[in-house]
Amino acid sequence: MSDVRPPLPPFTRDTALVKVRGAEDGWNTRDPKRVALAYTVDSQWRNRAEFPRGREEIIAFLTRKWARELQYRLIKELWAFEGNRIAVRFAYEWCDDSKNWFRSYGNENWEFDEHGLMRRRYASINDLPIAESERKFHWDQAGPRPADHPGLSDLGL
């Protein structure tokens, strides 16, 4: 089956960490079609006040998101895991088309199917306006966060 996304549940600490970093790296590509492949074809989301269902709605949602949230850089951190579920906390920095900067903080609850695809994603997010000089996420936007770049806890977030 081509729709298998290891690591598969049930998760251990190590496999949950791999899943979280894989999700972070995927989202940092800002490629809606690529990101959507990590979700089941009928995946259910809650993201702020939007409720995308299925890959096509996820692609449309992410396309709108990344057209609005420029210079997007994301860090995710494992919070908890059990069986086929993972909880993460995250922060991302971005600016709008007027160069107003923000750091968005949130939590996500994830549920995976037996093939390692995410079937449910519930996100709660808050935006904090920041000055450009307050940015903490500094890496080339063309790729994932470098292995030596601090994570959320290391940054005091």
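**A chat about strand β3 and its neighbours**

Tutor: Let us start at a turn of this predicted model: in the hairpin that β2 and β3 form, 2 residues lie between the strands, and G83 there takes a positive phi near 60 degrees.

Student: OK, and in which sense do β2 and β3 pair?

Tutor: Strand β2, residues 70-82, pairs with β3 in the antiparallel sense, over 10 bridges, and one of the places to look is K76, whose bridge partner in β3 is F90.

Student: What about the pairing of β3 with β4, how many bridges there?

Tutor: β3 and β4, the latter being residues 101-112, are joined by 11 bridges, again in the antiparallel sense, and A91 stands opposite Y105 of β4.

Student: And how many residues sit between β3 and β4 in their hairpin?

Tutor: There are 5 residues between them, and K99 in that turn has a positive phi of about 70 degrees.

Student: Is β3 mostly covered or mostly open?

Tutor: Strand β3, residues 85-95, is mostly covered, since 10 of its 11 residues are buried, while for the whole protein chain 47% of the 157 residues count as buried.

Student: Switching topic, what pattern does the chain follow?

Tutor: Along the sequence the pattern is α-α-β-α-β-β-β-β, which comprises 3 helices and 5 strands.

Student: Why would you call the fold compact?

Tutor: A compact globule with 157 residues would have a radius of gyration near 15 Å, and because the protein chain has 15 Å, the two agree.

Student: Last one, how many charged side chains are there, positive and negative?

Tutor: The protein chain has 26 positive and 25 negative side chains, with the centres of the two sets 1 Å apart.

Notes. Residues numbered from 1 in each chain as written. Predicted model: local features only at pLDDT ≥ 70, side-chain atom pairs only at ≥ 80, totals over all residues. Heavy atoms only, no water. Buried < 20%, exposed > 50% of the residue type's maximum accessible area, 1.4 Å probe, protein only. Helix = DSSP H or I, 4+ residues; strand = E, 2+ residues; numbered from the N terminus. Pairing = 2+ DSSP bridges. Rg over C-alpha atoms; globule rule 2.2 N^0.38 Å. Lys, Arg positive; Asp, Glu negative; His and termini not counted. Charge placed at Lys NZ, Arg CZ, Asp CG, Glu CD.
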